[in-house]
Amino acid sequence: MNEQASTEKIIEKTVFPILFALSFSHLLNDTIQSLIPAIYPVIKTSYGLSFSQIGLITLTFQLAASLLQPFVGIYTDKKPQPYSLAIGMGFTLTGLIMLSMSAHFYTMLLSVGMIGIGSSIFHPEASRMAHAASGGKSGLAQSVFQLGGNAGSSLGPLLAAWIIVPYGQFSVIWFSAIALLAIMVLTYVGNWYKGFMLARSKKASIQTVVNQFSRGKVIFSIVILLLLIFSKYFYMASLTNYFTFYLINKFHVSVQASQIYLFVFLFSVAAGTLLGGPVGDKIGRKYVIWASILGTAPFALLLPHANLFWTGVLIIPIGMILATAFSAILVYAQELIPGKVGLVAGLFFGFAFGMGGIGSALLGKLADSKGIEYVFSICAFLPLIGLLTGFLPNIETKKK
């Protein structure tokens, strides 16, 4: 009797130390990833790269980080791997060292591909572990997990401005210490997850959300969610990868100043991340998704017409409002397809990364032919795709 009670406590109680450890490791992982777009102004000048080549670097990273994720998710749904996160970070460490020493365009592609593979291993299983530690508060758990990632993404431009811009490309190798720290944290998380899996195997039954929607309705809803991910991450690609160039071209700011503006945007994304999950737990994920993506539209439409001061102001609500969407979308999809946490996480993280990569490549080519300001004028309309949220069912009313 005591053993059963202890097992239920392990499974049903929110394990905040593990959530914080996962969030911290997500911060370290995404700090490393954010170094890639943050050094674009440096390598573009040093190696005479075009916007199209910059887009291809992002595409290579994002495809490596996206294509494997659904397969990792499917595999770990069947055979959870407690220490896969630490192994994935080993790939990231290798790519980081290679990037610091890359002197040619193709070796840069190979190095960012290694970092992408590490990311593809990290995200689905880390999302699964966050779900396991949630104690039923799935939205909160995903928001805490995402908070670390977005905070890490915001640090890249700041670190680039302080370290990489003044000290050059080789200074990237100093960040290998971050990868080593992440491996240590993720080994600790793996030890906990191994114990969690043992405890769960002793429990006779596990309560899950029962899905009452037809297969066709589920597929239709997943397609809409993926279109919303397309809207969010295509727009995010324009800001994350080309905002510095936009500021330099339109307002003639310095490279370091442009990195500070990018940091403000990405920090706003991090600040808004924590809201989506808990609010979705209380009022419903659909309403959070609706407010997040469509709510970004007025500010996005104003951005291309703003002066430097108002550009700095507008990127704050854009980042904060847009950030609330992903956690709500991910948990909504996991409730649509109960019992497939890894598959859903892999699909949506993978699709998000893929859309970011494809968006970066296409927008880079468009910037070469039409100019960087034209890119931002066109991308301003992407958040209007949030209108599709109205076709999503109110899933909360279908739980048992």
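Predicted model: local features only at pLDDT ≥ 70, side-chain atom pairs only at ≥ 80, totals over all residues.
**The cavity**

Rolling a probe the size of a water molecule over the atoms shows where empty space is left. Here the count comes to one cavity of 30 Å³ or more, and the largest cavity holds about 630 Å³ of space. Its lining is made up of 34 residues.

Sorted by class, the lining has 17 nonpolar, 15 polar and two charged residues.

| Helix pair | Angle between axes | Axis separation |
|---|---|---|
| α14 and α15 | about 140 degrees | 9 Å |
| α4 and α15 | roughly 170 degrees | within 8 Å |
| α10 and α16 | roughly 140 degrees | within 9 Å |

Let us take α14 and α15 to begin with. With an angle of about 140 degrees, the two helices are therefore oblique to each other. The crossing of α14 with α15 is right-handed. On the α14 side, the contact uses Phe326, Ile329, Leu330, Ala333 and Gln334, and these meet Val341, Val344, Ala345, Phe348, Phe349 and Ala352 of α15. Grouped by class, the residues of this contact are ten nonpolar, one polar and no charged.

Further along, α15 also meets α4. How are these two helices oriented? The axes cross at roughly 170 degrees, and angles over 145 count as roughly antiparallel, so α4 is roughly antiparallel to α15. The α4 residues in this contact include Phe51, Gly55, Phe61 and Gln62, while Gly350, Phe353, Gly354 and Asp368 are among the α15 residues. By class, the contact of α4 with α15 has eight nonpolar, eleven polar and two charged residues.

The last pair joins α10 to α16, a helix covering residues 372–379. Their axes cross at roughly 140 degrees, which makes α10 oblique to α16. This crossing is left-handed. From α16, the contact draws on Ile372, Glu373, Phe376 and Cys379. Facing them from α10 are residues including Tyr235, Leu239, Tyr242, Phe243 and Tyr246. The residues of this contact divide into nine nonpolar, two polar and two charged.

Notes. Residues numbered from 1 in each chain as written. Heavy atoms only, no water. 1 Å grid on protein atoms, 1.4 Å probe; cavity = no way out; pocket = protein on both sides within 12 Å on 5 of 7 lines; lining within 4 Å. Points joined across faces, edges and corners; volume = space filled by probe spheres on them. Nonpolar A, V, L, I, M, F, W, Y, C, P; charged D, E, K, R; others polar. Axes fitted to C-alpha atoms, helices over the stretch in contact; angles between N-to-C directions. Helix = DSSP H or I, 4+ residues; strand = E, 2+ residues; numbered from the N terminus. Parallel < 35°, antiparallel > 145°, perpendicular 65-115°, else oblique. Left-handed = near helix turned anticlockwise from the far one by under 90°. Contact = heavy atoms within 4.5 Å.
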